[in-house]
Every structure is written in C-alpha cells, then in structure tokens.
Amino acid sequence: MELGMIGLGKMGGSMVLRLLRHDHNVIGFDLSAQVVSEHEKSGMRGADSLEALVMQCTLPRHIWMMVPAGDAVDATIAALTPMLEEGDVLIDGGNSDYRNTIRRARALNDRGVMLVDAGTSGGIWGLEEGYCLMVGGDTQAVERLAPVFDALACDGSEGWGHVGPAGAGHFVKMVHNGIEYGMMQAYAEGFAIMAESDRFDLDTHAIAHIWRHGSVVRSWLLDLTADALEEDADLRDIAPFVPDSGEGRWTVREAIDLNIPAPVITASLLQRIQSRDDRSFAHRLLSAMRNKFGGHSVKKGGS
C-alpha cells in the first residue's frame, strides 16, 4: 500500500522504516530536507513540499501526519485541504486533544475527506518492537488502512484496534497516558522509599531486576526503570524536573467533566507540577523513565 508521511522525526522516521520493511511504498516530507534525504537512502520517495507529496500520491490518497499536537496540525490540514479530493484520507498519528480531532473531522467531512486518528504508543522503541495503535474514524477508511496498521503494530492485527468514530482513538490514548502517569508515579515513590531508607543499604537496581521476574508489578516500565538504575543508581546527574506532555491534564479534565474520581492520575499530575520546585529521588526517576520509554529529554542537574 502507498502512504504519504508528513513529519519524519523520531517516531515518524521509525514508522517509515518499519513500513518499508513490510514492503509498503512511502512518500515522505519533512521541513528538514536533510532528514528527507537520509530516508530516501532507505527506499522512501522524498518530496520537497506538501504540494509535491500530494501530487505523488495516487488516488485515493492516504496521508499520515506526525506533527506536534495543536496549531501545527491545524496548519498542516489547512495547507493540505485545498489539494485533497473526495475519498482521500488524512491520518493524525500524533496525540492530539480528541476534541480538536472531532472538530477537524467534521470540517474535512464536509469536503468528502476522511480523518482517522491513530493514538500511537511505542516511543523510541517502535522500530524494533512495533507500536500500539488506538484508531478512530470512519469504518471504510480504517479498513482501507488495515495493512498499514498491521505493519506498524507490535503484534500485527493484535497490536491495534478500531475503537470508535473520529476522536475515539485520541480519547483512548489520552486515558492510556493518564494511566501511565499513575503507574510511573507508583514506581517512583516505591523506589524512593527504598533509596532513602537508612535501615538497609538497598541495591535498587538489583531489586528492580528481581521484580521483573514473576512479580505482579512486573512491566515494560519496570524493565526500563531497571535499565535507568543500572546506568545511575543515585540519579544524581538528572534534575528532578518532570515535564508533562498535556495528556495527563486532559485526562484529569475529562474525569472532572464526567464526575469520575481519578485521584491517582490527578495526584501523579500534581507531583509532576510540584517537581519543578523539588529535588527528590522520585522525580529524578520519573524523568529517567520518560527518557527510557519515549526518548524525552532529561534536564541535567546535580543533587
């Protein structure tokens, strides 16, 4: 299947390479001509503008956007829309606010263009491990894109699902990230208790490794935690400053709107905000975990 790809950053680039491995034809565009050139060496057809990308795509077009959530998505859609035709499909593979996705889908639908939202989880490991894809959108469009989702997903057809109409994919990914906040906070607090205890001289890396085998709290996040602690058990080179990407805030907002108590997710978000004036081990570990699973930058700083 042929797919146009806009945005060849860390995740977008690894998606291109994964699709090429599965014999899909990919046409790619990025604001960086150097990045486009690098991916052309792997077999991708490059485009030097959005216009060139649209012209190279055969009808009906399938164009995947991997651009930052917010204004960049609106700007990209606005630039593409006049060039698209009825039956074309745009895929937003970023983690947009689902309310914006619903708005965009309605506007595109008026022109006969379908918007599919693919909430994407997999971080910097997606090329090797594959992605988990939570897909929203028109059934016809999703069925057409099934070969692409099968190629990108961690376990083929088991690693993705059509969860509902446009906006549903980003909604589910929002909740996914809220849960992730809570899980990470629990690990960080538990390891902080062990690290700060003066009763025992505990090897937190060794304990993390033990828990990876048979424990009810074993997980990929724990695997990455063990890796972080092996590299720097005291985490003294990492500042206890934990950013939030926004989806935890959206999840808390939604919980409030629905009158659903979500104290763990809410508290984990507040801890991240508090970290900006804090110097705790737990926040150092949270920052290290974010770097391990998503390649997010780590703010360096001493103890």
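Student: In which sense do strand 4 and strand 5 pair, and over how many bridges?
Tutor: This is a predicted model. In the model, strand 4 and strand 5 pair in the parallel sense, over four bridges. One of the links is between Met 65 and its bridge partner in strand 5, Asp 92.

Student: Which residue in strand 4 is the bridge partner of Ile 6?
Tutor: Met 65 again. Ile 6 belongs to strand 1, residues 2-6, and strand 1 pairs with strand 4, residues 62-65, in the parallel sense over three bridges.

Student: What order do the strands take in the sheet?
Tutor: The order is 3-2-1-4-5-6-7-8. That makes eight strands in an open sheet with mixed pairing. Strand 3 (45-46) and strand 8 (160-164) are the edge strands, and each pairs on one side only.

Student: Which strands does helix 1 touch?
Tutor: Helix 1, residues 10-21, packs on the sheet and touches strand 1, strand 2 (25-29), strand 4 and strand 6 (114-121). The direction of helix 1 makes about 165 degrees with that of strand 1.

Student: Back to strand 5. Which way do its residues point?
Tutor: Val 89 and Ile 91 point one way, and Leu 90 and Asp 92 point the other way. Are they buried or exposed? All of them are buried.

Student: New topic. Which residues touch the most other members of the largest nonpolar core?
Tutor: Met 5, Trp 64, Val 116 and Phe 149, in a core of 30 residues. Strand 1, helix 1, strand 5 (89-92), strand 6, strand 7 (132-136) and helix 7 (139-152) each give two or more residues to this core. The largest share, eight residues, comes from helix 7.

Student: What does Met 5 touch?
Tutor: Leaving out residues up to four places away in sequence, its contacts include Gly 12, Met 15, Val 16, Leu 53, Trp 64 and Met 66. Val 26, Ile 27, Gly 28 and Phe 29 are also among them.

Student: What is in the second core?
Tutor: The second core is separate and has 24 residues, including Leu 224, Ala 282, Leu 286 and Phe 293.

Student: Last one. At what angle do the axes of helix 8 and helix 9 cross?
Tutor: At roughly 140 degrees, and the axes come within 10 Å. Helix 8 covers residues 168-196 and helix 9 covers residues 204-211.

Student: Why are helix 8 and helix 9 called oblique?
Tutor: The crossing is roughly 140 degrees, and only angles over 145 count as roughly antiparallel, so helix 8 and helix 9 are oblique to each other. The crossing is right-handed.

Student: Which residues make the contact?
Tutor: Helix 8 uses Phe 191, Met 194 and Ala 195, and helix 9 uses Thr 204, Ile 207, Ala 208 and Trp 211.

How values were computed. Residues numbered from 1 in each chain as written. Predicted model: local features only at pLDDT ≥ 70, side-chain atom pairs only at ≥ 80, totals over all residues. Heavy atoms only, no water. Pairing = 2+ DSSP bridges. Contact = heavy atoms within 4.5 Å. Axes fitted to C-alpha atoms, helices over the stretch in contact; angles between N-to-C directions. Core = buried A, V, L, I, M, F, W, Y, C linked by side-chain atoms within 4.5 Å. Buried < 20%, exposed > 50% of the residue type's maximum accessible area, 1.4 Å probe, protein only. Parallel < 35°, antiparallel > 145°, perpendicular 65-115°, else oblique. Left-handed = near helix turned anticlockwise from the far one by under 90°.
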